[in-house]
Amino acid sequence: MSIKIISATRGFSTTDKILDIISDYPQGITTKELSDQLNRPVSMVNFYLKQLVNTKLVYARLDQPKQHWIYYRISHSLN
C-alpha cells in the first residue's frame, strides 16, 4: 500500500467558512446544519466551533426543547 501525501489547497479556511455561514443565519445554526453545508463531519465542525467560542467570535446557546446547541456570530463594532 502506498501513501500519497497531499498539500493544502488555497482558499478559505474551515474557520472562515464557518464564520461566513454563521453570519448568514442571524437566528442561529446548529452543528448538524453547519456540518451538512460544509460537507464535513460533525466532530470536525465541533472542533472549530469550540475554538471560535473560545476566541469570542461565536457564542452558543442550548436550545432547551430540542437539546442541541445553536451558534451565533458575535458582531464587533468599530465604535
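This is a predicted model: local features need pLDDT of at least 70, side-chain atom pairs count only at pLDDT 80 or more; totals for chains, interfaces and linings use all residues.
Me: How many bridges link strand 2 to strand 3?

Reply: Six bridges pair strand 2, residues 58-63, with strand 3 in the antiparallel sense. Within this pairing, A60 has Y71 of strand 3 as its bridge partner.

Me: What sits between those two strands?

Reply: Strand 2 and strand 3 form a hairpin, and four residues lie between them. In that turn, Q67 has a positive phi of about 55 degrees.

Me: And how many bridges join strand 1 to strand 3?

Reply: Strand 1, residues 29-30, is joined to strand 3, residues 68-73, by two bridges, and these strands run antiparallel. The bridge partner of T30 in strand 3 is I70.

Me: Switching to the helices: at what angle do helix 1 and helix 2 cross?

Reply: Packed helices are described by the angle between their axes and the distance between the axes. Here, helix 1 (residues 14-23) and helix 2 (residues 31-38) have axes that cross at roughly 120 degrees and come within 11 Å.

Me: Is that crossing left-handed or right-handed?

Reply: Helix 1 passes helix 2 in a right-handed crossing.

Me: Which residues meet there?

Reply: From helix 1, the residues are K17, I18, I21 and I22; they meet L34, Q37 and L38 of helix 2. The residues of this contact divide into five nonpolar, one polar and one charged.

Me: One more residue, T14. Where is T14 found?

Reply: T14 is found in helix 1.

Me: Why does T14 count as buried?

Reply: T14 counts as buried because its relative accessible area is 16%, and buried means under 20%.

Me: Which residues does T14 touch, leaving aside those up to four places away in sequence?

Reply: With those sequence neighbours not counted, T14 touches M44 and Y48.

Technical notes:
Residues are numbered from 1 along each chain as its sequence is written. Side-chain values use heavy atoms; hydrogens and water are left out. Axes are lines fitted to C-alpha atoms, for helices over the stretch in contact, and angles run from 0 to 180 degrees between N-to-C directions. A crossing is left-handed if the near helix is turned anticlockwise from the far one by less than a right angle, and right-handed if clockwise. Contact means heavy atoms within 4.5 Å. Ala, Val, Leu, Ile, Met, Phe, Trp, Tyr, Cys and Pro count as nonpolar, Asp, Glu, Lys and Arg as charged, and the others, Gly among them, as polar. Buried means under 20% relative accessible area, exposed over 50%, partly exposed in between (1.4 Å probe, protein chains only). Two strands pair if DSSP finds at least two bridges between them.
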